[in-house]
Amino acid sequence: MTQIGTVLGVVLSLCHLYFNTLSTFPDLWVALFHFAGFGLLCSLTLPARPTPQRTLNLLLGVLGVVACLWLGWQEVALYERGVALSPWDRAAAIVVIMLALEWTRRTLGWTIPILTLVALSYVVWWGQWIDGLFHFPGLSLDTLLFRSVYGGEGMFGSIARLSWSYVFIFILFGAFLLRSGAGDVIIELARCAAGRWTGGPGLVAVVASGLMGSVSGSAVANTASTGVITIPLMQKAGFPPRFAAGIEAAASTGGQLMPPVMGAGAFIMANYTQVPYLQIIGYAALPALLYFLSIGFFVRVEARRLNLPRQSLSERSISQVLQQGWPSLLPILILVGALVLGFTPTYAGGIAILAVVLASWCSRRPMTLRDIVAALHQGALNMTSTALLLITVGLIVNVVTTTGIGNTFSLMISQWADGSLLLSLALVALASLILGMGLPVTASYIVLATLSAPILYQLIAEQHILGLMLAGELPESARALFLLTAPDALSQLSTPMSSASAQALLGTLPDELKPMLLEQALSPALISAALVSAHMIIFWLSQDSNVTPPVCLTAFAAAAIAKTPPMQTGFAAWKLAKGLYIIPLLFAYTPLIGGDSGQALWIFVSAALGLYALVGALQGYLEAGLGWWQRGLLLAGGCLLLWPATHLTWQGIAGQAIGTFILLVVWQWSRRRAV
């Protein structure tokens with residue numbers, strides 16, 4: 001079975017490379033092959049019980065292949081019959097759905113299969129017995145099966161296409177990159193770059209985990225691969241074991257936020273928003289850097305508090321490491337260059353994979369045929385759980401879109417929050433935390449984006465509308481819409497108005513007219529930025545399940561390495577990853593995404609200092625110990641620095657806060673030097 005699984009993994013990787021570069025096969029056929037191939041690989045490598053039953057597992061895998069072949073072969077005949085399922089069509093559809101649930105259970109546990117069954121049964125059974133907003137009259141079983149299998153939002157629709165194209169190509173690229181020895185080069189670079197700073201070993205963990213996490217596509221895998229090096233390094237330097245494990249967990253989680261790969265999130269976000277992938281990663285760069293700075297601030301403050309000495313962690317300089325290890329990093333530069341030149345992400349990924357092999361021949365560790373085969377096999381193995389997850393999540397997304405439950409959920413958030421963007425963000429964060437206890441990050445993001453992205457987008461866009469109304473700069477075509485509900489609107493909108501008046505006037509406009517108002521009042525670039533901001537908020541909040549108790553697999557993986565209590569380690573990681581909750585507020589209330597470079601840099605600098613101030617307030621320490629009044633001053637100053645400072649008055653206040661913060665740091669630093 002092991003040898004068969006290896007051969008199958010290599011074949012799957014090679015076929016997917018062909019599908020994404022040269023093939024013209026229909027998407028449905030590729031998606032069916034994708035599901036059948038990874039389902040068969042799952043059956044061969046992940047048995048249903050601890051004691052493998054080889055015959056049963058092989059039969060399940062073959063059954064999935066046969067069912068997928070039937071569904072693809074019968075597609076034309078099905079439409080010729082007027083979309084009437086035959087008994088064999090019905091049986092094949094039920095088989096692929098049940099196998100998707102079983103294979104997902106093997107790879108990720110019971111939560112997703114149970115959630116999927118609840119969603120499917122809602123459509124055909126118990127939805128009609130519910131009163132109120134969630135009442136659904138129901139669909140026939142045949143209609144549900146057809147939409148689940150052949151629908152554009154079903155198992156083999158848009159999400160499956162993301163899986164077999166963008167997601168797989170970049171997971172395979174990560175497998176090749178790590179097999180070529182790039183991981184060792186990245187860790188050595190981190191040692192050279194951060195090792196000589198205060199808290200060097202902790203900063204090495206932050207830098208290495210950030211760089212590795214973007215490529216590996218998994219926070220848990222990132223923790224396991226880099227944590228075995230960085231956690232003992234931090235412990236040896238004098239950091240408490242729980243703090244060391246928390247730093248590694250928080251930093252590995254941030255790897256999913258770091259361009260150019262961002263796990264699978266950037267590709268899914270590009271598909272949802274129809275914003276180019278290159279633009280997505282451009283928007284994501286500064287926020288990701290802010291997140292890692294926030295963790296680095298915790299490291300520095302803790303090192304100062306413990307009075308840990310600086311130490312050199314590498315005998316080589318950065319130039320020496322780059323001189324020997326540049327072939328390992330060259331494929332990443334080629335990937336970014338190909339994207340900038342306009343190649344599609346799949347072609348760019350394919351070019352980058354080829355570049356890994358060619359560049360390795362210029363290094364001390366040239367990739368042999370055995371290494372290439374191993375990378376192809378490892379890429380397929382790494383993709384197995386993600387592929388089956390995304391296929392199964394397609395069933396849930398299909399239910400959400402078919403029943404309109406997404407609009408219902410958005411309406412509920414709007415009613416509960418009463419139009420408040422801040423309260424809406426809090427509700428989405430709570431929903432993310434609850435979903436994250438049972439769903440992986442990617443699944444949590446897809447489900448939450450389907451449910452809540454529309455309302456967040458609308459509220460963020462309305463913030464821009466209110467800004468125009470406050471300044472009296474609403475375009476004339478947009479003002480005309482208010483005549484339907486407020487006859488004296490033109491006179492009010494022609495001059496600057498108060499915030500209360502603007503909100504009251506906007507509230508008179510029916511929801512049906514608000515999309516038209518956005519189109520008339522905002523530029524396409526601003527509308528696009530608002531949509532990306534909504535999805536970026538959800539994507540960031542979806543990461544919190546990695547570090548938030550009671551279910552935080554990344555923190556648990558770090559705890560196993562550090563030999564610390566898992567739950568206490570989870571709380572430590574949760575504290576250190578506060579940027580996951582703070583930085584999304586900047587997406588909602590500032591032009592950090594979509595603003596010009598000057599605005600973005602001002603927000604970045606102000607937010608970085610604000611985060612440093614908040615870390616000092618939380619830890620009670622900066623360059624020296626802080627009294628309660630100093631912690632209160634830092635807390636207030638940090639909040640001011642993070643406040644959306646687009647108005648000149650607020651910019652002046654933020655400038656004063658920056659000056660006060662710098663004076664406090666300099667004063668503490670001088671006291672420390674005097675001692």
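A residue is called buried when its relative accessible area is under 20%, exposed when it is over 50%, and partly exposed in between (1.4 Å probe, protein chains only). By that rule, Glu 462 and Lys 514 are both buried. They also form a salt bridge, a term for a side-chain nitrogen of Lys or Arg within 4 Å of a carboxyl oxygen of Asp or Glu. The closest N and O atoms of Glu 462 and Lys 514 are 3.4 Å apart. This pair links distant parts of the chain, with Glu 462 in helix α20 (residues 441–471) and Lys 514 in helix α24 (residues 514–521), 52 residues apart. Helices here are DSSP runs (H or I, at least four residues), and they are numbered from the N terminus.

The model is predicted: local features need pLDDT of at least 70, side-chain atom pairs count only at pLDDT 80 or more, and totals for chains, interfaces and linings use all residues. Residues are numbered from 1 along each chain as its sequence is written, and side-chain values use heavy atoms, leaving out hydrogens and water. The predictor's confidence in each residue is its pLDDT, from 0 to 100. The chain has a mean pLDDT of 84, and 91% of its residues reach 70 or more. Over residues 646–651, pLDDT stays under 50. Where pLDDT is low, the predicted coordinates should not be read in detail.

Back to the salt bridges, which number eight. One of them joins Asp 27 to Arg 161, with the closest N and O atoms 3.1 Å apart. Asp 27 lies in helix α2 and Arg 161 in helix α8 (residues 158–179), so the pair ties together parts that are 134 residues apart in sequence. Asp 27 is partly exposed, at 38% relative accessibility. Arg 161 is partly exposed too, at 36%.

Arg 305 and Glu 302 meet at 2.7 Å, N to O. Both lie in helix α14 (residues 277–306), three residues apart, about one turn of the helix. An α-helix has 3.6 residues a turn, so residues three or four places apart point the same way. Arg 305 is partly exposed at 40% relative accessibility, while Glu 302 is buried at 5%. Elsewhere, Glu 102, Arg 105 and Arg 106 are linked in a network of salt bridges.

Now look at helix α15 (residues 318–340). Its end C-alpha atoms are only 27 Å apart, short of the 33 Å that a straight helix of 23 residues would reach at 1.5 Å a residue. That expected span is 1.5 Å times one less than the number of residues. A kink of about 70 degrees lies at Gly 325, shortly before Pro 327. The bend is the angle between axes fitted to the seven residues ending at a residue and the seven starting there. Gly 325 and Pro 327 are among the buried residues of α15. Just after this helix, Gly 342 takes a positive phi of about 105 degrees.

The interior comes last. A nonpolar core is a set of buried Ala, Val, Leu, Ile, Met, Phe, Trp, Tyr and Cys residues joined through side-chain atoms within 4.5 Å. The largest one has 158 residues, and those with the most contacts inside it are Phe 176, Tyr 291, Met 469 and Phe 482. A second, separate core of 44 residues includes Leu 145 and Trp 164. Leu 145 is one of the buried residues of helix α7 (residues 141–150).

Note on methods: Contact means heavy atoms within 4.5 Å. Helices (H or I, at least four residues) and strands (E, at least two) are DSSP runs, numbered from the N terminus.
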